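Let us take a walk through a protein model together, one piece at a time. Keep the picture in view and turn it as you read.

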Amino acid sequence: MNESGDLVGDLAMVLDLFDLSVLALLALGGLCLWALNWGIQHLGHSLMERVPARRFLILQLTTLIGFAIYTLGTGALILGVLNPPREFILAAAGSVAVALGFALKDVAASLVAGLLLLFDRPFQVGDRITFDDTYGEIVSMGLRAVRVQTLDDNLVTIPNARFITDVVASGNAGELDMMVVTDFHVGLDADLEAARDIIEEVIVTSRYAFLKKPVTFAIEEVAVAEYLAIRLRAKAYVLDVHYEKAFQSDLVLRVTALFRERGIARPRELRGEVVPD
């Protein structure tokens with residue numbers, strides 16, 4: 001009889017916490033948190049347009065502020081509006097901890113991994129990364145997952161735990177500029193010096209090039225499909241990672257036109273030649 005009475009009393013206490021006025025205040029508080037976070041994000045985008053050189057710093061700050069708003073705001077709403085008894089808080093916290101421990105072990109692993117990434121900093125918001133078959137820019141880093149915007153405008157969500165055991169490559173490591181590698185192929189009998197000079201001329205005159213860092217080349221003989229060719233691999237820096245593909249397109253279009261104009265021989269078909277090892 002005492003146990004039944006205690007159960008009824010506990011249920012009554014819980015129901016008393018959630019009357020219509022309390023639910024309305026919680027809904028209003030949640031809406032205010034969303035509006036505040038939306039305002040912070042909107043302000044961040046405006047600042048990035050005005051100060052593009054500080055884009056990465058602004059993205060990192062707005063991400064951190066948004067996480068703090070939701071985390072601290074939700075806790076404040078629960079404690080301030082519901083004002084639950086201390087015994088209820090302890091009992092609820094214990095029950096939730098046990099349930100989450102079993103149901104969300106993968107999420108917990110990602111949360112721990114998120115903290116490790118926060119301190120280890122193998123990459124940061126704004127970096128161009130390669131992870132498995134995904135290549136793109138990190139747009140947000142949460143305690144559970146990292147979101148990557150690919151060059152095809154897809155938003156890919158990757159759990160933090162995967163970054164602890166798998167290999168990830170960062171192309172710019174927090175910098176605005178980044179190395180862009182572009183391959184050009186010419187015939188075995190082409191004038192390599194002239195071809196290299198043409199490519200370098202196009203790079204240094206491109207409006208997307210970051211010329212405070214050097215332009216370098218790697219030249220080797222390769223087999224491409226049914227062709228034997230000399231590959232000129234140009235390594236140059238783009239002044240902003242957002243211009244990566246525009247930079248590559250500019251190089252390919254102008255170099256191809258100049259090769260044709262100046263008679264630079266292109267690869268010829270393999271006809272009985274031995275492909276080099």
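Helices (H or I, at least four residues) and strands (E, at least two) are DSSP runs, numbered from the N terminus. Before going on, note that this is a predicted model, in which local features need pLDDT of at least 70 and side-chain atom pairs count only at pLDDT 80 or more, while totals for chains, interfaces and linings use all residues. Residues are numbered from 1 along each chain as its sequence is written, and side-chain values use heavy atoms, with hydrogens and water left out.

Which strand pairs with E6? It is E8, in the antiparallel sense and over nine bridges; two strands count as paired if DSSP finds at least two bridges between them. Within this pairing, Thr182 has Ala234 of E8 as its bridge partner. E8 also runs antiparallel to strand E7 (residues 216-224), and nine bridges join these two. E7 and E8 form a hairpin with two residues between them, and Ala225 in the turn has a positive phi of about 55°.

Now look at what the buried side chains do. In soluble globular proteins, nonpolar side chains tend to be buried together. A nonpolar core is a set of buried Ala, Val, Leu, Ile, Met, Phe, Trp, Tyr and Cys residues joined through side-chain atoms within 4.5 Å. The largest one in this model has 25 residues, and those with the most contacts inside it are Val186, Ile199, Ile203, Phe247, Phe259 and Ile264. Strand E6 (178-186), helix H7 (192-204), strand E8 (227-238) and helix H8 (244-261) each give two or more residues to this core. Apart from it lies another core, of 13 residues, including Phe123, Ile138, Ile158 and Phe163.

Charged side chains tell another part of the story. Side chains of opposite charge can pair when their charged atoms come close. A salt bridge is a side-chain nitrogen of Lys or Arg within 4 Å of a carboxyl oxygen of Asp or Glu, and by this rule the count comes to ten. In one of them, Asp132 joins Arg162, with the closest N and O atoms 2.4 Å apart. This pair links distant parts of the chain: Asp132 is in the loop between strand E1 (128-131) and strand E2 (134-141), and Arg162 is in helix H6 (residues 160-165), 30 residues apart. Asp132 counts as partly exposed because its relative accessibility is 48%. Glu137 and Arg128 form another salt bridge, their closest N and O atoms being 3.7 Å apart. Is Glu137 buried or exposed? Glu137 is buried, because its relative accessible area is 9%, and Arg128 is buried too, at 6%. Arg128, Glu137 and Glu244 are linked in a network of salt bridges.

Conventions. Buried means under 20% relative accessible area, exposed over 50%, partly exposed in between (1.4 Å probe, protein chains only).
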